[in-house]
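Here is a short briefing on a two-chain model. Look over the sequence and the structure, then work through the points below.

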Amino acid sequence: MKTIPFERGSRDKDPLLAQASRLPQDVAPPRDLWPAIAARLSDQARTTPRRFTWPMALAAGFLVASVSALLTWGLMREPGPVSGGTMLAGAAASQPMFVPVRYGPNSALGESHLKARDELLVQFRQRLDELPPETRETVVKNLAIIQRAASEIDAALAQDPASGMLNELLLSTYQEELQLYSKVVTAGDALMRRS
Amino acid sequence: MNNRMLLVAATSLLAFAPQAQAAQNLSKRATVAADASVEVSNIEGRVSVTAWDRNEVELTAMLESDKDTLEFEATEQQVRVKVIRPKHDFRDSSDAILTLKVPQRARISAQTVSADVTVAGVKGEQRINTVSGEVHTQAYDEPVSLRTVSGDGTISGTGGKSAVSVTSVSGSTDVSGIRGGFDGQLVSGSLKIDVAAAERLSLKTISGDIDARAELAPAARVEMESVSGTIGLRIKAPVDAEFDIESFSGEIESCFGPKARDKNAYGPGSELQFKQGGGSARVRIQSMSGDISVCDH
């Protein structure tokens, strides 16, 4: 194999290098491409701020379905004889403390998510009081697990705010929280519809 | 009574016994369609449903408390059985034991609070919701859905192509012998599944552990995600799939294919993307801090 030395004078001796050296040093495009590229980047940034759009849509769909089903159920159900009152007061005294999941500053959950959840929470609190104590304890314990997960994801999002995976996990965590409330509310149906 | 018409044996059995706490032993029977819907609701105790080769529903009930009421309503297409407790007192732990015989193709909907549910030989669709009861059932070809808060569960498949779904808060659930699709979600607890010819697997957990064995059908889709729970996926060889695995701070291990690598030199996260065989199936797994392992044996 022939090796061409690259000292300054060698290109004068080698015809191929001599030809190459006569090629233009840069090639200008026939038109300025940057404005079109900049416009596309700008559009993309506007439409997809994060890889978050479709999970948000899924979450919103789930939320609407859950809240709608529960509100319908709430309107349709028979009024039970044991409403609030003594039962709730008695049960509340012994129940473990329940705190809804708090999502940190890096978690991109909007006000609308939290507002919808708060509406569900009203029914959840009533049903939670009516569950057997050990089940109530399990529910509260699992809400604490969801809280821990939400906090861990929030801390991770602080390091990598644009992570599609973390944002998906955050939404799954939020959905799990809602599903837990939903399970308790619908399960309480068996207790509430009494003669 | 004409069974073709709205047959109602709407019998509210307010069988108050003369003495307090006397148990009530009750039985009811109704002729129904082969695929009738049977809805059962119980608070504490047990629900046992067994299939038989008659187009009839037979209920045998034992209510420990004389204050409980049993509601039994039947039409040709639908049977409703419900234990009603006038005022729920947690200190009163009286059981209601419901034993049902139903047609093989009956569709079951069971809702319990602290009652165990056992279903055997029923080939129709099943929807079982419990708060803290245990559930044991079988899956044939029709969908089986299990929702629990704290109860454990087992779903034993018989090799039929049934869409099985489990959502559990903290129980331990074991699903085996099913084909086709599976959908599982859990907060804590554990989920163990074994699926043949899997076309679609979707598994999500917060801190619960998932142990999945699967034989993947061509073009199968597998989606698994976890916040802090561990995910184990064992795929029956030969593996023909494309893998996309990512974790923020958990470990990724695979007993075949390349090793996981850091997502970038200075930040957290590791990932593993590769194709095994022709790559016809798609496997996507992600976790925040949970460990992920994939193996072919």
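Two residues are in contact if their C-beta atoms, placed from the backbone, lie within 7 Å. By that rule, 34 residues of chain A are in contact with 36 residues of chain B. Keep in mind that this is a predicted model.

**Where the chains meet**

- Two helices of chain A, α7 (133-159) and α8 (164-192), each supply at least two residues of the side that touches chain B.
- The largest share of that side comes from α8(A), with 14 residues.
- What kinds of residue make up the side of chain A that touches chain B? They divide into 18 nonpolar, nine polar and seven charged.

**Chain A**

- Chain A has eight helices and zero strands.
- Read along the sequence, the pattern is α-α-α-α-α-α-α-α.
- Of the 195 residues in chain A, 26% are buried.
- Take the contacts in chain A between residues at least 6 apart in sequence: 81% of them join residues at least 24 apart.

**Confidence in chain A**

- The average pLDDT of chain A is 67, and 47% of the residues score at least 70.
- Which helix of chain A has the lowest confidence, and which the highest? The lowest is α5 (residues 85-94), at a mean of 38, and the highest is α7(A), at 90.
- Residues 44-52 of chain A have a pLDDT below 50, and this stretch has seven contacts in the model beyond near neighbours in sequence.
- Residues 71-93 of chain A also have a pLDDT below 50, with 18 contacts beyond near neighbours in sequence.
- Where pLDDT is low, the predicted coordinates should not be read in detail.

**Chain B**

- Chain B has zero helices and 23 strands.
- Its C-alpha trace spans about 80 × 40 × 25 Å along its principal axes.
- Of the 297 residues of chain B, 48% count as buried.
- Among contacts in chain B with a separation of 6 or more, 46% are between residues 24 or more positions apart.
- The domain assignment of chain B gives domain 1 (7-15 + 23-103) and domain 2 (134-297).
- The C-alpha centres of these two domains of chain B lie 37 Å apart.

**The largest nonpolar core**

- The largest nonpolar core has 106 residues.
- Residues with the most contacts inside this core include I153(A), L166(A), V38(B) and L100(B).
- The helix α8(A) gives the most to this core, with 12 residues.
- Domain 1 and domain 2 of chain B each give at least three residues to this core.
- Leaving aside neighbours within four places in sequence, L166(A) is in contact with residues of chain A, among them I153(A) and L157(A), and with F248(B) and M288(B).

**Backbone details in chain B**

- Most residues other than glycine have a negative phi, and most peptide bonds are trans.
- The peptide bond from A237(B) to P238(B) is cis, with omega near -5°.
- P238(B) lies in the loop between β17 (231-235) and β18 (241-247) of chain B.
- A197(B), in strand β15 (residues 190-205) of chain B, has a positive phi, near 45°.
- Is A219(B) buried or exposed? A219(B) counts as exposed because it has 12 C-beta neighbours inside 10 Å, and 12 or fewer is the cut-off for exposed.
- A197(B) has 17 C-beta neighbours inside 10 Å, so it counts as partly exposed.
- A219(B) is found in strand β16 (residues 209-226) of chain B, and its phi is positive, near 65°.

How values were computed:
Residues are numbered from 1 along each chain as its sequence is written. Chains are lettered from A and ligands numbered from 1 in the order in which they are written. This is a predicted model: local features need pLDDT of at least 70, side-chain atom pairs count only at pLDDT 80 or more; totals for chains, interfaces and linings use all residues. Helices (H or I, at least four residues) and strands (E, at least two) are DSSP runs, numbered from the N terminus. Ala, Val, Leu, Ile, Met, Phe, Trp, Tyr, Cys and Pro count as nonpolar, Asp, Glu, Lys and Arg as charged, and the others, Gly among them, as polar. A residue is buried if 20 or more other C-beta atoms lie within 10 Å of its own, exposed if 12 or fewer, and partly exposed in between; C-beta atoms are placed from the backbone. Domain bounds come from an automatic or database domain assignment. pLDDT is the predictor's confidence in each residue, from 0 to 100. A nonpolar core is a set of buried Ala, Val, Leu, Ile, Met, Phe, Trp, Tyr and Cys residues joined through C-beta atoms within 7 Å.
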